[in-house]
Amino acid sequence: MIKCYASKIILFYFQFHGAVHKVLAAWFKLKYPYIALGALASSAPLLYFEDTLPKHGYFYIVTKVFKEMSKECHNKIHKSWDEIDKIAAKPNSLSIFSKNFKLCNPLNDIIELKSYVSYIYARTAQYSDNQFSVARLCEAINTSPPNTKSDLLDQIFAGVVASRGNISCYGMSSPSYQMTNDDRAWGWQTIHISVTLST
């Protein structure tokens, strides 16, 4: 029997999507160098931690990706946040947004819509392949014909359709889907691991 109580280990994690395990492997190596001889974690966002980048560094990069793809697209997205705030001041704004963005579930507050659209931009920038293409999303935003009072938001919605596909309703979940406790726990864990490691 081989005894390896004092042997150092090498942490290895490789996957195309998802960075939580990669970050944990790299973090373990940094935190416990006397145990871990090395850590191979392809594409782990190491430089995002320990105050090496601005607080909102991730979204700075997402913004840069869109700006480099199309300044017109970037400018429309930038202006859309003010447009959302302007409409949000109206008494029935949540139903207006739910209808205009064909959301599966009615909005509880405006932050849900902003988070959803931000998620689409971030996902498209991070995983820009045939399915999630920044060029495709920007082309939809830039070429969408304005046809209602909120022209800009129609164009933003065209980007959502280009990113998610033409489906009956949009949102993080469909009306028939009920989020389980496991789903909530996974979301909580992934967010808090990144936040904890970055502090």
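Which residues does F97 touch, not counting residues up to four places away in sequence? They are I84, I87, A88, L103, L107, I110, L113 and L153, where touching, or contact, means heavy atoms within 4.5 Å. This is a predicted model, so local features need pLDDT of at least 70, side-chain atom pairs count only at pLDDT 80 or more, and totals for chains, interfaces and linings use all residues. Residues are numbered from 1 along each chain as its sequence is written, and side-chain values use heavy atoms, with hydrogens and water left out.

**Overall fold**

- The protein chain has 8 helices and 2 strands; these are DSSP runs numbered from the N terminus, with helices being H or I of at least four residues and strands being E of at least two.
- Along the sequence the pattern runs β-α-β-α-α-α-α-α-α-α.
- Of the chain's 199 residues, 33% count as buried. Here buried means under 20% relative accessible area, exposed means over 50%, and partly exposed is in between (1.4 Å probe, protein chains only).
- Take the contacts between residues at least 6 apart in sequence: 59% of them join residues at least 24 apart.

**The nonpolar core**

- The largest nonpolar core holds 27 residues, and F66, F97, F101, L113 and Y121 touch the most other members. A nonpolar core is a set of buried Ala, Val, Leu, Ile, Met, Phe, Trp, Tyr and Cys residues joined through side-chain atoms within 4.5 Å.
- Helix 2, helix 3, helix 5, helix 6 and helix 7 each put in at least two residues.
- Helix 5 gives the largest share of this core, with 8 residues.

**Two disulfides**

- A search of the whole structure turns up 2 disulfides, a disulfide being a pair of cysteine sulfur atoms within 2.5 Å.
- One joins C73 and C138, with the sulfur atoms 2.2 Å apart. The torsion about this S-S bond is about -70°, so the disulfide is left-handed.
- C73 sits in helix 3 and C138 in helix 6 (residues 134-143), so this pair ties together parts that are 65 residues apart in sequence.
- C104 is buried at 14% relative accessible area, and C169 counts as buried at 18%.
- If you number the bonded cysteines in sequence order, the pairing reads 1-3, 2-4.

**The second largest pocket**

- The second largest pocket has a volume of about 250 Å³. On a 1 Å grid over the protein atoms alone, a pocket is an open set of points where a 1.4 Å probe fits, with protein on both sides within 12 Å along at least five of seven lines, and lining residues have an atom within 4 Å of a point. Points are joined across faces, edges and corners, and the volume is the space filled by probe spheres set on the points.
- Its lining is made of F59, V62, T63, F66, H74, I77, H78, W81, S118 and Y121.
- Helix 2 (57-69), helix 3 (71-88) and helix 5 (110-126) are the elements that give two or more residues to this lining.
- The lining splits into 6 nonpolar, 4 polar and no charged residues. Ala, Val, Leu, Ile, Met, Phe, Trp, Tyr, Cys and Pro count as nonpolar, Asp, Glu, Lys and Arg as charged, and the others, Gly among them, as polar.
- T63, one of the lining residues, is in helix 2 and counts as partly exposed at 38% relative accessibility.
- T63 and I77 are 14 residues apart in sequence, with their C-alpha atoms 9.5 Å apart in space.

**Two other residues to look at**

- K102 has a positive phi of about 45° although it is not a glycine. K102 lies in the loop between helix 4 and helix 5 and counts as partly exposed at 33% relative accessibility.
- V161 lies in helix 7 and is partly exposed, with a relative accessible area of 22%.
- V161 touches N166 and Y170, leaving out residues up to four places away in sequence.
- V161 and F101 are 60 residues apart in sequence and 9.4 Å apart in space, C-alpha to C-alpha.
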